[in-house]
Amino acid sequence: MVRLPVKYVYHALVTDPDDILQLLAYCVYKAHKNNLAEQYKTEGDESYVERELKQFSQRTVKDQTLLDSYRTVAKELLQEIKDQELDRAKQALQ
């Protein structure tokens with residue numbers, strides 16, 4: 001079975017919409033994209049920003065290293081949340 005190429009970053013990162021880690025990875029991507037948008041706004045007009053963001057999204061879908069980096073950051077964030085909640089629970093028990 002041949003898998004069709006993914007067109008959208010969401011579908012590259014999220015194959016199970018109930019998987020919090022996948023959704024968090026997509027949030028990390030969106031934050032990165034937002035930072036780029038802010039940068040592009042200082043470099044050109046709205047059409048420039050839209051064009052650059054579209055190219056960024058198209059490159060991202062094809063860049064497994066970049067997709068994996070979003071997943072890694074998501075794992076680290078989720079672990080940080082777990083650690084913080086564990087600390088809060090420990091403090092509440094004391």
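1. Basis of the note. The model is predicted, so that local features need pLDDT of at least 70 and side-chain atom pairs count only at pLDDT 80 or more, while totals for chains, interfaces and linings use all residues. Residues are numbered from 1 along each chain as its sequence is written, and side-chain values use heavy atoms, with hydrogens and water left out.

2. Salt bridges in general. Side chains of opposite charge can pair when their charged atoms come close. The structure holds three salt bridges, the term standing for a side-chain nitrogen of Lys or Arg within 4 Å of a carboxyl oxygen of Asp or Glu. They are taken in turn below.

3. K41 and E38 are joined through their side chains by a salt bridge of 3.6 Å, N to O. Both residues belong to helix α2 (residues 20-43), where they are three residues apart, about one turn of the helix. Helices here are DSSP runs of H or I with at least four residues, numbered from the N terminus. K41 has a relative accessibility of 45% and counts as partly exposed; E38, with a relative accessible area of 42%, is also partly exposed. The classes are set by relative accessible area: buried is under 20%, exposed is over 50%, and partly exposed lies in between (1.4 Å probe, protein chains only).

4. D68 is partly exposed at a relative accessible area of 36%, and R71 is partly exposed at 26%.

5. R88 and E85 form a salt bridge through their side chains, at 2.4 Å from N to O. They too lie three residues apart in helix α4 and so are separated by about one helical turn. R88 counts as partly exposed at 49% relative accessibility, as does E85 at 42%.

6. Aromatic pairs. A search of the whole structure finds five aromatic pairs. One of them joins Y26 and Y29 and is tilted, with 5.6 Å centre to centre and 35° between the planes. Rings of Phe, Tyr and Trp (its six-membered ring) pair if their centres lie within 6.5 Å; planes under 30 degrees apart count as stacked, over 60 as edge-to-face and the rest as tilted. Y26 and Y29 are three residues apart in helix α2, which means that about one helical turn separates them. Y26 is partly exposed, at a relative accessible area of 22%, whereas Y29 is buried, at 2%.

7. A pair between helices. Y29 also pairs with F56, and this pair is stacked, with 6.0 Å centre to centre and 10° between the planes. The pair links distant parts of the chain, as Y29 is in helix α2 and F56 is in helix α3 (residues 46-62), 27 residues apart. Both Y29 and F56 are buried. The two belong to one aromatic cluster formed by Y10, Y26, Y29, F56 and Y70.

8. Surroundings of Y26. Not counting residues up to four places away in sequence, Y26 touches V9, Y10, L13 and V14, where contact means heavy atoms within 4.5 Å. Y26 and A37 are 11 residues apart in sequence and 16 Å apart in space, C-alpha to C-alpha.

9. Packing of α2 and α3. Two packed helices are described by the angle between their axes and the distance between the axes. For α2 and α3, the axes come within 9 Å and cross at roughly 145°. Axes are lines fitted to C-alpha atoms, for helices over the stretch in contact, and angles run from 0 to 180 degrees between N-to-C directions. Residues of α2 in the contact include Y29, H32, K33 and L36, and those of α3 include Y48, V49, F56 and S57. The contact residues divide into eight nonpolar, three polar and four charged. In this division Ala, Val, Leu, Ile, Met, Phe, Trp, Tyr, Cys and Pro count as nonpolar, Asp, Glu, Lys and Arg as charged, and the others, Gly among them, as polar.

10. S57 in helix α3. S57 lies in helix α3 and counts as buried at 15% relative accessibility. Leaving aside neighbours within four places in sequence, S57 is in contact with V9, Y29 and K33.

Methods: Helix = DSSP H or I, 4+ residues; strand = E, 2+ residues; numbered from the N terminus.
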